[in-house]
Amino acid sequence: MALAARLWRFLPWGRRIFPGPWLSRGVAGSRGLCCTRRLRGSEVMENLGAFKRSLLFSALPYLGFEAYQVFSQAAMVHATAKVFRVEEILEQADYLYESGETEKLYQLLTQYKESEDAELLWRLARASRDIAQLSGTSEEEKKLLIYEALEYAKRALEKNESSFAAHKWYAICISDVGDYEGIKAKIANAYIIKEHFEKAIELNPKDATSIHLMGIWCYTFAEMPWYQRRIAKVLFATPPSSTYEEALGYFHRAEQVDPNFYSKNLLLLGKTYLKLHNKKLAAFWLMKAKDYPAHTEEDKQGSDSPGLTLVLGISSLTVETYYFWEQILGPHYSPSCAVPT
């Protein structure tokens, strides 16, 4: 009834397409008097058909508009539900990551590997890489997971170039893949890696991990062996280069942004000061690394940080802190006196 009432407004009554079965009509020769004439059945049916056609054509625009509103509202509800669903998955993923549930996290996220959401995809890249780093992962599986992680990171970056995390994990994954593609590819990728780390820092200056990784990039090239420098010069007119001072600046900056966020940042501060022949500050930071509580398998095993063997894979920074104590100040040194001035 509501629809009929609304349609009533659209009917073209001005055209009188549906008169009643009786019609007053003047008749010639009747001296001005009027009489009535009953319409024939065919005339009534003809007028009724015209009414039906008019009703139909008048209703179509309205029905189309009503259908558009219904479908639009349904699409909005579906999109909203999808957003809430993605946010729920991300919350679960972040909880599992913080809890160190690497395998459960990977199992959760691989269910959505066809997703178009950048936030979900870079997390999947990270999870794939974390699975690859587990001690129980075979070399064959590790290689597959490393290339898989790169593909997820690449897709995340394509979906959202403004995501600092997508830039960060794309750079990390390119570095990992370089281990399987030779020295020339590693050096060539170094420029790409640096570009994406710098972009990640630009997009989020408060992300300590991106700053830390940029420090590793500098450290790696600062300690590049002479024979690799020679190879780099042969392959490239201007090979990548850096200094320990640059690396130290990034490690300190990361520590300022998020103090004690990562054991390997403390370790690298100590190593960098050792390279710069500052034994006192080296001892201070190495002691902090030694006392850092182990939250993950990586902390327990003293394995490399994300990208620690960055770019060239030549820097194994997993030497025990105690070894540094003996190397720097001897076995009888008391670390309590190592306080930076």
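Reader: Why is the crossing of helix 6 and helix 7 called left-handed?

Author: A crossing is left-handed if the near helix is turned anticlockwise from the far one by less than a right angle, and right-handed if clockwise. Helix 6 and helix 7 meet the left-handed case. The model is a predicted one, in which local features need pLDDT of at least 70 and side-chain atom pairs count only at pLDDT 80 or more, while totals for chains, interfaces and linings use all residues. Residues are numbered from 1 along each chain as its sequence is written, and side-chain values use heavy atoms, with hydrogens and water left out.

Reader: What makes helix 6 and helix 7 roughly antiparallel?

Author: Two packed helices are described by the angle between their axes and the distance between the axes. Axes are lines fitted to C-alpha atoms, for helices over the stretch in contact, and angles run from 0 to 180 degrees between N-to-C directions. Angles under 35 degrees count as roughly parallel, over 145 as roughly antiparallel, 65 to 115 as roughly perpendicular and the rest as oblique. The axes of helix 6 (residues 164-178) and helix 7 (residues 182-203) cross at roughly 165° and come within 8 Å. The pair is therefore roughly antiparallel.

Reader: Which residues of helix 6 and helix 7 meet?

Author: Contact means heavy atoms within 4.5 Å. On the helix 6 side they include Phe164, Lys168, Ile172 and Gly178, and on the helix 7 side Gly182, Asn189, His196 and Leu203. Sorted by class, this contact has 10 nonpolar, six polar and three charged residues. Here Ala, Val, Leu, Ile, Met, Phe, Trp, Tyr, Cys and Pro count as nonpolar, Asp, Glu, Lys and Arg as charged, and the others, Gly among them, as polar.

Reader: How do you know whether lysine 168 is buried or exposed?

Author: Buried means under 20% relative accessible area, exposed over 50%, and partly exposed in between (1.4 Å probe, protein chains only). Lysine 168, in helix 6, has 7%, so it is buried. Leaving aside neighbours within four places in sequence, its contacts are Phe197, Ala200, Asp207, Thr209, Ser210 and Leu213. Lysine 168 and histidine 196 are 28 residues apart in sequence, and their C-alpha atoms are 6.3 Å apart in space.

Reader: What is the arrangement of helix 5 and helix 6, roughly parallel or roughly antiparallel?

Author: Helix 5 (residues 139-159) and helix 6 pack at about 150°, with their axes 8 Å apart. That makes the two roughly antiparallel. Among the residues in this contact are Ile146, Ala153 and Leu157 of helix 5 and Trp169, Cys173 and Val177 of helix 6. By class, the contact has 13 nonpolar, one polar and two charged residues.

Reader: Why is helix 4 called roughly parallel to helix 6?

Author: The angle between helix 4 (residues 118-133) and helix 6 is about 30°, and their axes lie 9 Å apart. Helix 4 is therefore roughly parallel to helix 6. Trp122, Arg126 and Arg129 of helix 4 make the contact with Ala165, Ala166, Trp169, Ile172 and Asp176 of helix 6. Its classes are five nonpolar, no polar and three charged residues.

Reader: What makes the phi of asparagine 260 worth a remark?

Author: Most residues other than glycine have a negative phi. Asparagine 260 is not a glycine, and its phi is positive, about 60°. It lies in the loop between helix 10 and helix 11 (263-275), and its 36% relative accessibility counts as partly exposed. Histidine 277 also has a positive phi, near 65°. Histidine 277 is in the loop between helix 11 and helix 12 (279-290) and is exposed, at 72%.

Reader: How do you know where confidence is lowest and highest in the protein chain?

Author: The guide is pLDDT, the predictor's confidence in each residue, from 0 to 100. Strand 1 (residues 22-26) has the lowest mean, 42, and helix 10 (residues 244-257) the highest, 98. Over the protein chain the mean is 75, and 61% of residues reach 70 or more.

Reader: How many helices and strands does the protein chain have?

Author: There are 14 helices and two strands. Helices (H or I, at least four residues) and strands (E, at least two) are DSSP runs, numbered from the N terminus.
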